[in-house]
Amino acid sequence: MSAVASKVLPKTNNGAGAFVLQCKSLVFNYCERWGSNKGMIEYIKKDLANFARENPQIEIIVQARPHHHPIIRGNYLNGRDKVICTRNMPPSEIAKKVSLLRDSSGAKMKNLAKKPVVSTTESVRGVWSPFHTNPHTI
């Protein structure tokens, strides 16, 4: 690597130097005829332009989807996508769902009921043995 190229490349500070938003694009699907789409149509007309101005790094796609309930699909850098149905939601709730998709990482949901710690000994007291309770005398 030449000296010129090393000056052009940014210095990384263990990932603290730059933040890359994981959401690549948001797709808004709606139907103009169905009553369950009223909140989505109102959100698209009034609030979506402001959201797009505030988040220029996210691609916004608005598509007509006749004879279906409205959905918002978030596409992420890891190749996954998340879909939220916004049937009969007011624009304020749709704005919350849009921010949820924007801030999400796109990773699969993880089960938190599993043990978070993996250890060689299962308990603080150690592995039980029958020789611990009654010492033998020979």
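Predicted model: local features only at pLDDT ≥ 70, side-chain atom pairs only at ≥ 80, totals over all residues.
Residues are numbered from 1 along each chain as its sequence is written, and side-chain values use heavy atoms, with hydrogens and water left out.

The protein contains 4 helices and 4 strands; helices (H or I, at least four residues) and strands (E, at least two) are DSSP runs numbered from the N terminus. Read from the N terminus on, the elements follow the order α-β-α-α-β-β-β-α. Of the 138 residues in the protein, 25% are buried. Here buried means under 20% relative accessible area, exposed means over 50%, and partly exposed lies in between (1.4 Å probe, protein chains only). The protein exposes about 10900 Å², of which carbon and sulfur atoms supply 56%; such areas come from the Shrake-Rupley method with a 1.4 Å probe, and for residues only the protein chains shown count as cover. Among contacts (heavy atoms within 4.5 Å) between residues at least 6 apart in sequence, 68% join residues at least 24 apart.

The strands form an open sheet of 4 strands in the order S2-S1-S3-S4, with mixed pairing; two strands pair if DSSP finds at least two bridges between them. Strands S2 and S4 (81-85) stand at the edges with a single partner strand each, so one side of each is left without a neighbour in the sheet. From one strand to the next, the twist averages 15 degrees. Helix H2 (residues 38-46) packs on this sheet and touches S1, S2 and strand S3 (71-76). The direction of H2 makes about 125 degrees with that of S1, where axes are lines fitted to C-alpha atoms, for helices over the stretch in contact, and angles run from 0 to 180 degrees between N-to-C directions.

The pairing of two strands can be followed at one residue. Strand S1 (residues 23-30) runs parallel to S2, and the two are joined over 6 bridges. Ile-61 lies in strand S2 (residues 59-64), and Val-27 stands opposite Ile-61. Neighbours within four places in sequence aside, Ile-61 is in contact with Leu-26, Val-27 and Phe-28. Leu-26 and Ile-61 are 35 residues apart in sequence, yet their C-alpha atoms are 6.2 Å apart in space. Ile-61 counts as partly exposed because its relative accessibility is 24%.

Salt bridges are the last topic. Side chains of opposite charge can pair when their charged atoms come close. With a salt bridge taken as a side-chain nitrogen of Lys or Arg within 4 Å of a carboxyl oxygen of Asp or Glu, the count comes to 3. One of them joins Glu-42 and Lys-46, at 3.8 Å from N to O. Both residues belong to helix H2, where they lie 4 residues apart, about one turn of the helix. Glu-42 is partly exposed, at 36% relative accessible area, whereas Lys-46 is exposed, at 56%. Another salt bridge links Arg-73 with Asp-81, whose closest N and O atoms are 3.0 Å apart. Arg-73 is partly exposed at 27% relative accessibility, and Asp-81 is partly exposed with a relative accessible area of 36%. Arg-102 and Asp-103 also form a salt bridge, with closest N and O atoms 2.9 Å apart. Asp-103 is exposed, with a relative accessible area of 53%.
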